Structures are given as C-alpha cells and as structure tokens.
Amino acid sequence: MTGCLWPCVSGTNAKTAGSGGLFRSKPRSPTELVRHMGELLRFLSEHPEPCGGKLDGKCEQKMEDLSKTIRETKFTLYGNGDAEPNAEACTQLTKEFFKENTLRLIILYLSHMDLETQKDVTQVIANLQRQKVDSRIIASDYLEVNQYLLDTLVCGYDNTDIAIHYSSMLRDCIRHQVAARYVLSSQHMKKFFDYIQFPDFNLASDAFKTFKELLTRHKSTAAEFYTKNYDWFFSEFNSKLLQSSNYIIRRQSIQLLGDILLERLNSSVMVSYVSSKENLIVLMNLLREQSKAIQIEAFRVFKLFTANQNKPREIVSILLTNKTKILRFLKDFTIEKEDRLLESDKEQVSMDILAMEL
C-alpha cells in the first residue's frame with residue numbers, strides 16, 4: 001500500500017501562505033491539510049476567475065496558498081525524497097479527503113490552477129485512488145455514489161486546456177470496476193470515436209489510451225459491453241478507426257481489435273465478428289497495407305475468419321473468389337526476424353483456404 005508522510009518543516013512547505021513567510025511551529029496534520037484545501041477551493045468557487053486572467057492581491061495569495069497546500073499533500077502521500085511515507089497519516093488523509101468531498105471541488109476548479117499545480121493534483125488523485133482504509137479502497141465507494149464526476153471528467157476532452165489532466169484522472173478512476181462500468185454503459189463511449197480523431201496528436205493519443213483502458217482493463221465488464229452494444233460499436237470501430245485515413249489510428253485500432261477478439265471472455269463476440277462479410281472485407285483491405293505492422297496485426301484477426309468452423313456461405317464465397325491472391329500474399333508475407341508461430345499460422349491458413357469449398 002502506498003504510504004503517507006507527515007510533512008517536514010523545511011523549505012517552502014514550512015512557510016505559511018501569508019504572514020510574510022513566517023515558519024510554522026509544526027506541520028499541518030492530514031486532516032488540517034484537507035480541510036484547508038477545501039476552504040481554499042470553496043473560495044475559488046466564489047471567485048470564478050480561471051487561471052490566466054489577472055487576479056487581485058487576495059485571490060493571488062489564495063492561489064499561491066492552494067498550490068502550496070496541494071504540493072504539501074503530494075509530499076504527504078509520496079514522501080519528499082528524504083523520508084518515506086507514513087501509513088497512518090495516509091489513512092487519515094484519505095478518509096478526510098473523500099469525507100469532505102474534496103475530489104469534487106478539485107475536479108470542478110482544476111482549470112483555475114496553474115500548470116504545475118494541475119500536475120500535482122493528478123499525482124495526488126492517482127495516489128488516493130489506490131489507498132486502502134480498513135482493507136477497502138474507499139475511492140471506489142465514493143465514485144459509486146458520485147458518478148456524475150465521471151461525466152465531468154469525460155467531457156473534459158472538450159476543453160483542450162485541461163483535457164490531458166482530466167483524462168489522467170479519469171484513467172485513475174476507471175481502475176475501479178464500478179467507474180468503468182458506468183462510463184461503458186453511458187453515451188460517452190460514442191464520443192471517444194470523435195475524440196480519437198482530434199487533430200492534436202497528443203490529445204488524440206491520450207483519448208485512444210483511455211478508450212483502450214475502458215475496453216480491456218475489466219474483462220467481464222467489457223464483455224458485457226460488447227454483447228449489449230455489438231452492432232453500433234463495431235460499425236463505428238470499422239468505419240471510423242480501421243478505415244481511418246490516419247495511419248496511427250489504423251495501426252492502434254487493428255491491434256486493439258485483435259486483443260478484443262482473442263480475449264477468452266469475448267468468444268461469442270469473436271464468432272459474430274468473423275461471420276460478417278463486411279468485416280472480412282475491411283480486414284482483407286488492411287492486409288494490403290504497405291505497413292508491415294498493420295499487416296501483421298490484420299493477419300492476426302484474418303486467421304480467425306479462416307479458422308471459423310461454421311463459416312457463413314458468403315464468407316466462404318469471398319475467400320474462394322480471392323483464393324489465388326490470398327495464397328500469393330501468404331507466400332510473400334514475411335518479416336525480418338524469424339517467427340515460427342507466424343510461419344505456422346500462415347501454413348494453417350493456407351491449408352484452410354485450399355480445403356474450402358462451397
């Protein structure tokens with residue numbers, strides 16, 4: 001369990017936010033830290049001027065105090081390089097943080113903070129999502145009751161100024177199955193197909209990372225999602241991802257598709273997918289890509305079509321019509337490093353094709 005450290009009286013962490021930098025006689029306790037953070041965040045709620053605007057003296061002082069308090073909280077959770085975290089203090093801080101609804105305030109007012117403070121916040125949230133109190137991860141219990149915060153985090157992709165930080169917190173939240181299930185069952189899943197198309201490479205890659213996490217981390221929950229949403233999900237997956245004009249999206253997506261279909265819990269979904277002629281055509285086009293990386297991942301899925309013992313007649317017809325081209329492709333399809341499994345799979349697919357008949 002990640003521990004927690006009572007803050008040391010040194011450097012900037014030992015100064016008060018005001019009072020001309022006078023040293024405190026002792027560091028704040030975890031409870032005092034969280035409550036003070038809450039007071040400062042509530043002050044922000046009454047003075048909603050996002051970071052970047054010109055602040056008056058009092059607001060600026062409060063923002064500096066908030067940054068120091070969050071940094072002190074981070075040291076409390078991670079240690080400060082000189083001392084290790086302390087488990088007892090960690091437990092106190094975690095209990096107080098979720099009891100005081102501080103996560104809600106931080107999410108709502110993250111955009112008011114400067115970049116370094118936003119980074120500190122994401123580290124604090126990541127740590128707290130893993131903390132146990134009496135053998136329970138109370139962050140999971142909190143999110144089950146406050147699911148609307150997940151809506152806010154997903155919609156953070158619409159605000160490019162905070163999207164990266166919101167998405168980082170979202171991925172930490174969906175480590176909990178209850179949170180992942182909520183997002184998977186929401187209309188937000190459809191938005192990811194657009195988020196992945198962002199022109200900003202960093203944002204698009206980040207959105208895909210979250211998308212993949214939702215679809216692969218909690219396998220039983222993901223299997224439920226595929227079964228209930230098969231038609232629209234794989235239609236969007238094919239048209240917007242596998243047939244995207246963006247090479248990176250195609251490469252990442254074909255690899256993800258292979259991971260989904262080869263997961264044991266998704267066997268019924270895999271059978272449905274490889275029984276569709278439209279899906280087969282998409283995969284055969286990917287086999288024609290110039291990119292060896294895409295070809296390899298596409299072949300990993302294509303072999304599932306030929307291995308299917310109950311191929312629909314239209315699947316067999318397409319494969320037989322393209323029999324010569326497929327066999328020629330398999331003969332010429334090689335990679336620089338010898339791969340015995342790949343060679344064995346190629347041989348099996350060739351045998352399956354040669355044995356087919358209508």
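Guide: Residue classes come first: Ala, Val, Leu, Ile, Met, Phe, Trp, Tyr, Cys and Pro count as nonpolar, Asp, Glu, Lys and Arg as charged, and the others, Gly among them, as polar. By that scheme, the lining of the second largest pocket holds 4 nonpolar, 5 polar and 4 charged residues.

This is a predicted model, where local features need pLDDT of at least 70, side-chain atom pairs count only at pLDDT 80 or more, and totals for chains, interfaces and linings use all residues. Residues are numbered from 1 along each chain as its sequence is written, and side-chain values use heavy atoms, with hydrogens and water left out.

A pocket is an open set of points on a 1 Å grid over the protein atoms alone, where a 1.4 Å probe fits, with protein on both sides within 12 Å along at least five of seven lines; lining residues have an atom within 4 Å of a point. Volume is the space filled by probe spheres set on the points, which are joined across faces, edges and corners.

The second largest pocket has a volume of about 190 Å³. Its lining has 13 residues, and Leu184, Ser185, Phe225, Lys228 and Asn229 are the closest to its centre. Helices are DSSP runs (H or I, at least four residues), numbered from the N terminus; strands are E runs of at least two. The largest share, 4 residues, comes from α12.

Now α12 itself. Thr221, Ala222, Ala223, Phe225 and Tyr226 are buried there (under 20% relative accessible area, 1.4 Å probe, protein chains only). Their cover includes α9 and α10, along with α11 (201-216), α13 (230-242), α14 (247-261) and α15 (267-273).

For comparison, the largest pocket holds about 260 Å³ of space. Its lining divides into 8 nonpolar, 2 polar and 2 charged residues. Among the lining residues are Ile281, Met284, Phe302 and Lys325.

Last, the setting. The protein chain has 20 helices and 0 strands. Of its 358 residues, 49% count as buried. Its C-alpha atoms fill a box of roughly 85 × 40 × 40 Å along the principal axes. Contacts (heavy atoms within 4.5 Å) reach along the sequence: of those between residues at least 6 apart, 73% join residues at least 24 apart.

Notes
Buried < 20%, exposed > 50% of the residue type's maximum accessible area, 1.4 Å probe, protein only.
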